[in-house]
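Here are a few notes to go with your first look at this one. Have the structure open while you read.

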Amino acid sequence: MKRIRIHFAGVGGQGTLTATTLLSKTALDEGLEVVSGEIHGMAQRGGVVESTLLLGGWQSPVISHGEADIVLGFEALETYRAIPYLARDGYVLSSTDFVPPPGVSAGREVCPPLDEIKKAVNGCAKQAWFIPCQELGVRAGSIQCANTVLLGALSATGLLPFGPDALKKSVRRHLPERLAAMNDAAVDLGAQAVG
C-alpha cells in the first residue's frame, strides 16, 4: 500500500485526539502498520491540539512542514494554521466550524473569514473538502459526533486503504455501546458530504 501521513489539527475539547485514536484503531483492525503521535500544545479546552497518524511502515510519528499527504482540520482556523504541513498535491478535509481563540473572543484579534481560509487551502491542496461537521454531528445525535463526521468523510474519499464500513466496524468495536448508533450515523453523514 502507499504510505500515508495525516496531520490532525483542532482545538482542545473537540475530540481531535479521540478521532486520531479511533482512526488508528481502524487501521490496526484492517491489518495496517500504524504510527501515531500527539504533538499538541495546550490540550485544555480551547487550546491548539495537533496529532499525527502515519500508515504503511513509518518509524517516527513526526510530520514536518510540507510532508502531510492529508490535513484533517477539526476547526476552520486550525486548518488554516496547518497549511504549512501539507505536501505538494496533498489533500485537505476541514470542518467549516469556528471555535474562536481567546484573542478573537476578547476582540484583540480578528479571525479570517471562511472564504479566505478556503481560498488559501484551495491554493495549495490538490483537492479540499469543507464540511459543516457540527451541524451534521447534531443531525447524527450529538454535536460531539462532529469529529466522527470528518473521519467518515475522509474514509469515503478513497484516500485511505479502507472505507466507511471499516470505520463503522471500528466505531462499534472501540466506542461505548451507548455512542455507537450516533457515531455510525455520523460516519454515514460525513461520507455523504463528500459523495
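1. Start with helix H7, whose buried residues pack against helix H1 (16–29), H6 and H8. H7 itself covers residues 164–174, and its buried residues are Ala166, Leu167, Lys168, Ser170 and Val171. Do keep in mind that this is a predicted model.

2. Next, H6 against H8. Helix H6 takes in residues 146–156, and its axis comes within 6 Å of the H8 axis, crossing at roughly 50°. That angle is why H6 counts as oblique to H8. The crossing is right-handed.

3. Who does the touching there? On the H6 side, the contact is made by Thr148, Val149, Gly152, Ala153 and Ala156. H8 brings Asn183, Ala186, Val187, Gly190, Ala191 and Val194. Sorted by class, this contact of H6 with H8 has seven nonpolar and four polar residues, with no charged ones.

4. H8 has another partner to look at, H5. Helix H5 (residues 133–140) packs with helix H8 (residues 177–194) at an angle of about 135°, and their axes are 8 Å apart. So this pair, too, is classed as oblique. H5 passes H8 in a right-handed crossing.

5. In the H5 contact, Leu136, Arg139 and Ala140 come from H5, while H8 supplies Met182, Ala185, Ala186, Leu189 and Ala193. By class, that gives seven nonpolar residues, no polar ones and one charged.

6. Now have a look at the loop between H5 and H6, where you will find Ser142. Is Ser142 buried or exposed? It counts as buried, because its relative accessibility is 16% and the cut-off for buried is under 20%. Leaving out residues up to four places away in sequence, Ser142 touches Gly137 and Met182.

7. Last stop: Ser51, in strand E3 (residues 48–55). Ser51 counts as buried because its relative accessibility is 1%. Which side chain makes a polar contact with the side chain of Ser51? It is the side chain of Thr20, at 2.6 Å.

8. Not counting residues up to four places away in sequence, Ser51 touches Ile6, His7, Phe8, Thr16, Leu17, Thr20, Gly37, Glu38 and Ile39. Take Ile39 as an example: 12 residues separate it from Ser51 in sequence, and the C-alpha to C-alpha distance between them is 5.2 Å.

Notes
Residues are numbered from 1 along each chain as its sequence is written. This is a predicted model: local features need pLDDT of at least 70, side-chain atom pairs count only at pLDDT 80 or more; totals for chains, interfaces and linings use all residues. Side-chain values use heavy atoms; hydrogens and water are left out. Helices (H or I, at least four residues) and strands (E, at least two) are DSSP runs, numbered from the N terminus. Buried means under 20% relative accessible area, exposed over 50%, partly exposed in between (1.4 Å probe, protein chains only). A polar contact is a pair of N or O atoms within 3.5 Å; within protein, one must be able to donate a hydrogen and the other to accept it, and residues adjacent in sequence count only if both atoms are side-chain atoms. Contact means heavy atoms within 4.5 Å. Axes are lines fitted to C-alpha atoms, for helices over the stretch in contact, and angles run from 0 to 180 degrees between N-to-C directions. Angles under 35 degrees count as roughly parallel, over 145 as roughly antiparallel, 65 to 115 as roughly perpendicular and the rest as oblique. A crossing is left-handed if the near helix is turned anticlockwise from the far one by less than a right angle, and right-handed if clockwise. Ala, Val, Leu, Ile, Met, Phe, Trp, Tyr, Cys and Pro count as nonpolar, Asp, Glu, Lys and Arg as charged, and the others, Gly among them, as polar.
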